[in-house]
Amino acid sequence: MSITIKTENQIGKMRKAGKLLAEVEALIAKTVAPGVTTAYLDKLAEGYIRSHGAIPSFKGYGGFPGTLCTSVNEEIVHGIPSNRILKEGDILSVDMGCILEGYHADMARTYAIGEISPEARKLIEVTQQSFFEGITFAKEGNHLNDIGTAIQKYVEKNGFSVVRAYVGHGIGTKLHEAPEIPNFKTLGRGIRLQKGMTLAIEPMVNMGDCNVRLLKDGWTAVTKDGKYAAHYENTVLITDGEPEILTLPR
């Protein structure tokens with residue numbers, strides 16, 4: 001699969017999709033609380049996306065049943081929304097995507113549900129900051145492996161581990177495009193980054209070791225040791241200067 005370089009017109013459409021998704025995230029952020037179900041959050045997100053002329057990227061993708069991926073505590077990614085009630089001390093990772101005017105945006109956040117442990121708080125903060133450590137290198141002329149190396153170095157310095165089983169990806173008219181974007185150091189330097197590339201960069205970080213297992217639902221990935229995991233993602237545009245994050249509020 002070849003890597004697509006977006007035109008200014010295409011980037012404009014992706015900015016619109018990213019802006020809408022940031023609005024969805026803000027809605028979720030003010031709604032998550034003890035007593036709320038993940039199914040309620042899913043319904044809320046789907047209604048907002050569709051009411052603004054967009055389509056949820058995930059619903060029906062490969063048969064996935066939800067608008068959101070809602071992953072609680074030891075669940076890393078691809079958790080299915082359900083009648084599970086969030087409770088004090090939980091952490092919730094929400095991965096979300098939408099397609100607007102033919103272009104996708106993709107992002108993820110991990111939320112504290114009420115008061116959480118200091119270690120869980122640190123996990124969320126380190127996961128978020130690891131993304132920003134990585135995109136320091138998301139510049140034209142740098143190499144793809146520079147991003148993952150920076151993410152892994154920061155995560156491990158803080159005593160956590162980076163998931164190897166799932167990685168980031170290119171994004172555009174398809175939800176998943178080339179290239180794959182590991183959140184860890186790989187052999188070789190990887191492709192050279194070019195202006196106009198759009199990348200979904202998404203560190204997934206475990207409190208314990210990096211080992212993963214899949215639940216019987218065929219979707220939900222959990223930590224093998226049962227310890228908490230966190231997820232942070234944005235859709236990023238490579239420019240000839242600093243990277244532009246398309247899924248931040250503006």
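The model is predicted, so local features need pLDDT of at least 70 and side-chain atom pairs count only at pLDDT 80 or more, while totals for chains, interfaces and linings use all residues. Residues are numbered from 1 along each chain as its sequence is written, and side-chain values use heavy atoms, with hydrogens and water left out.

Helix 1 spans residues 8–31 and reaches 35 Å from its first C-alpha to its last, close to the 34 Å expected at 1.5 Å a residue (1.5 Å times one less than the number of residues). Helices (H or I, at least four residues) and strands (E, at least two) are DSSP runs, numbered from the N terminus. Among the buried residues of helix 1 are Leu20, Leu21, Val24, Leu27 and Ile28; buried means under 20% relative accessible area, exposed over 50%, and partly exposed in between (1.4 Å probe, protein chains only).

Thr110 is located in strand 5 and is buried, at a relative accessible area of 12%. Apart from its neighbours within four places in sequence, Thr110 is in contact with Ile91, Leu92, Ser93, Ile124, Ala230 and His231, where contact means heavy atoms within 4.5 Å. A polar atom of the Thr110 side chain lies 2.8 Å from the backbone nitrogen of His231.

A disulfide is a pair of cysteine sulfur atoms within 2.5 Å, and by this rule there are zero disulfides. Cys98 is in no disulfide, the nearest cysteine sulfur, that of Cys69, being 14 Å away. Cys98 is buried, with a relative accessible area of 0%, whereas Cys210 is partly exposed, at 25%.

Definitions and conventions
A polar contact is a pair of N or O atoms within 3.5 Å; within protein, one must be able to donate a hydrogen and the other to accept it, and residues adjacent in sequence count only if both atoms are side-chain atoms.
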